[in-house]
Amino acid sequence: MSEIIKKNLSEIIDLIKKKEIKSEELANLYIDKVNKSKKLNSYITTCFEHTIQQSKEFDKKPNLNSLLPGVPLAVKDLFCTNGFKTTAGSKMLENFIPQYESTVTENLWKEGAILLGKLNCDEYAMGSSNETSYFGNVINPIAKDTVPGGSSGGSASALAADLTPATIGTDTGGSIRQPASFTGTVGLKPTYGLCSRWGIVAFASSLDQAGPMTKSVKDCSIMLEAMAGFDNKDSTSIEKKKENYSKNLKTNIKGLKIGIPKEYRVENMPKEIDELWNKGKSILKDLGADIIDISLPHTKYALPTYYIVAPAEASSNLARYDGVKYGYRSSKGNDLIEMYENTRSEGFGDEVKRRILIGTYVLSSGYYDAYYLKAQKVRQLIKKDFDENFGKVDAILTPSTPSSAFKIGEKTNDPISMYLNDIFTVPVNLAGLPAISVPAGLDKKGYPLGLQLIGKTLDEQNILNVAYAFEKNCNFKNELKNWWL
Amino acid sequence: MSIDKDKIKHISKLARISIDSKKSDSLAKDLTSIFKFIEQLNELNTDKVEPLSSILNTPLRSREDQINDGKIRDKILENSPKKNEEFFVVPKVIE
């Protein structure tokens with residue numbers, strides 16, 4: 001197996017720019033390994049004819065000034081790709097072929113990237129282990145029978161296994177950062193509104209954000225630069241100038257104030273995670289940062305708030321799947337209503353149905369104030385916690401997840417224990433803030449663990465810098481044994 | 001809040017999802033535990049808190065009401081599970 005595909009995205013880009021490898025050769029290296037890695041089940045769809053044809057075209061007239069020159073990339077199967085199946089991990093969209101392209105993927109292709117395929121994910125991005133996908137479990141390349149996290153589980157697995165040099169996911173409550181932590185990779189959820197939501201299969205519109213998943217912080221800055229930007233087609237897109245995250249990346253974090261929120265030290269958290277958090281603090285302190293204890297008093301209410309807001313928005317977004325205009329349609333039912341009911345019963349999986357029912361209930365007549373309005377008020381308090389502290393600190397350091405990757409089937413019978421996976425990631429989505437998960441160490445089993453850096457609104461450059469400095473001084477290594485080949 | 005089978009029947013009707021009666025017991029159990037979890041919010045007094053309706057500080061943009069695409073009928077029909085010439089086909093609605 002070639003050593004080239006083990007390299008980081010930035011190194012691969014350098015090879016292409018120096019003309020040491022052609023786009024087509026690179027594409028063939030990935031295609032070869034994807035074909036041999038079916039056991040991981042990280043891809044739902046491949047489009048290798050398209051990949052080769054596009055890479056040949058690139059090689060004929062290479063534009064080496066673009067950010068991702070001739071780089072083959074696979075993306076989460078939640079991004080609509082014109083002419084290529086987009087399933088959202090659901091039976092409902094098993095045969096759906098979008099007639100348009102999502103803005104974020106369009107931005108990647110404009111920068112020279114080439115589609116390799118579509119990556120497995122939890123159904124409609126609802127899950128934390130990739131076990132809700134209609135297309136089957138994804139395996140974490142760190143160990144057999146281990147989940148890669150979710151919902152961007154296929155993305156994390158493919159990235160860690162060198163089946164794509166970088167990728168993109170979506171993060172509604174932790175779906176980029178938790179799988180990044182479980183696979184020893186880097187994942188960033190941008191500020192709400194930085195990346196366009198246009199053409200992404202919707203889950204919870206006030207929380208959904210697309211973001212990069214990469215092997216290094218530098219790669220992450222390149223991908224974010226390529227995908228971000230104002231889009232008229234998304235009414236919540238932020239109008240601002242494009243930033244050069246990769247060019248402005250620096251390791252000097254002297255004098256930066258890093259907050260440590262005491263509420264993130266939760267009950268029953270493994271000792272290793274606490275130790276890792278301390279290691280993170282001391283690395284940043286050694287680099288000249290000031291470590292400051294802070295309090296985010298409403299942290300414990302973030303998950304309960306999320307499990308009202310997200311299902312409510314999902315029940316509304318997923319009302320469109322009625323078997324009429326696109327998607328699955330049941331052949332059973334005597335009239336229109338029965339057709340709807342059977343279509344939605346057969347087309348959605350259990351977790352999606354569960355969340356639609358919760359959402360329908362909390363929005364239903366007589367219960368709206370008690371649940372949805374209450375949650376919107378608590379969401380305000382959670383946002384205020386962050387606002388008040390960002391007067392005192394420049395970034396916040398926390399663990400990314402309360403555990404390392406778990407076994408397939410370990411949490412499927414208890415929805416609450418599954419939901420608790422996102423305890424450290426959800427508050428950020430509710431407050432619309434940017435956050436990055438960086439690999440920080442291994443636990444006793446040798447499974448990776450990540451630390452999370454939370455930034456102010458639109459302060460992506462700052463958390464990228466802190467993560468970059470941290471990465472350079474942490475010496476994290478995650479040697480995979482390629483056991484699945 | 002405890003969710004029983006009758007409540008499941010009511011919500012699933014609203015959500016237009018038919019639920020197999022064999023599954024509705026375990027679903028009721030799951031939803032009851034989830035509602036118990038989210039009802040932790042009742043510990044907080046939020047009488048004087050404004051609900052957060054948008055995470056952005058700016059109001060939603062509006063645009064001129066102009067046609068900027070069109071002639072995409074065939075594209076829109078492309079993915080329909082059942083069509084007849086240029087129409088979506090659904091089960092009979094009127095007698």
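Helix axes here are lines fitted to C-alpha atoms over the stretch in contact, and angles run from 0 to 180 degrees between N-to-C directions. This is a predicted model, in which local features need pLDDT of at least 70, side-chain atom pairs count only at pLDDT 80 or more, and totals for chains, interfaces and linings use all residues. Residues are numbered from 1 along each chain as its sequence is written, while chains are lettered from A and ligands numbered from 1 in the order in which they are written.

**Figure 1. Helices α9 and α11 of chain A cross at roughly 95°.** Let us start with α9 (residues 302-317) and α11 (residues 350-363), whose axes come within 7 Å. That angle makes α9(A) roughly perpendicular to α11(A) (65 to 115 degrees). Helices are DSSP runs of H or I with at least four residues, and strands are runs of E with at least two, numbered from the N terminus. From α9(A), I308(A), P311(A), A312(A), A314(A) and S315(A) meet residues of α11(A), including R355(A), I356(A) and L363(A); contact means C-beta atoms, placed from the backbone, within 7 Å. The residues of this contact divide into 8 nonpolar, 3 polar and 1 charged. Here Ala, Val, Leu, Ile, Met, Phe, Trp, Tyr, Cys and Pro count as nonpolar, Asp, Glu, Lys and Arg as charged, and the others, Gly among them, as polar.

**Figure 2. Helices α7 and α15 of chain A cross at roughly 160°.** The axes of α7 (residues 217-227) and α15 (residues 460-474) come within 9 Å. The two helices are therefore roughly antiparallel (over 145 degrees). On the α7(A) side you will find V217(A), K218(A), C220(A), S221(A) and L224(A), which meet E460(A), L464(A), A467(A), Y468(A) and E471(A) of α15(A). By class, the contact has 6 nonpolar, 1 polar and 3 charged residues.

**Figure 3. Chain B meets chain A through 38 of its residues.** Their partners are 49 residues of chain A. Both α1 (5-14) and α2 (21-38) of chain B supply at least two residues of the side that touches chain A. The most comes from α2(B), with 7 residues. That side of chain B has 23 nonpolar, 8 polar and 7 charged residues.

**Figure 4. Chain A holds 15 helices and 11 strands.** Along its principal axes, the C-alpha trace of chain A spans about 65 × 55 × 45 Å. Buried residues (20 or more other C-beta atoms within 10 Å of their own, with C-beta atoms placed from the backbone) make up 60% of its 485 residues. Of the contacts in chain A with a separation of 6 or more, 77% join residues 24 or more positions apart.

Technical notes: Two residues are in contact if their C-beta atoms, placed from the backbone, lie within 7 Å. Angles under 35 degrees count as roughly parallel, over 145 as roughly antiparallel, 65 to 115 as roughly perpendicular and the rest as oblique. A residue is buried if 20 or more other C-beta atoms lie within 10 Å of its own, exposed if 12 or fewer, and partly exposed in between; C-beta atoms are placed from the backbone.
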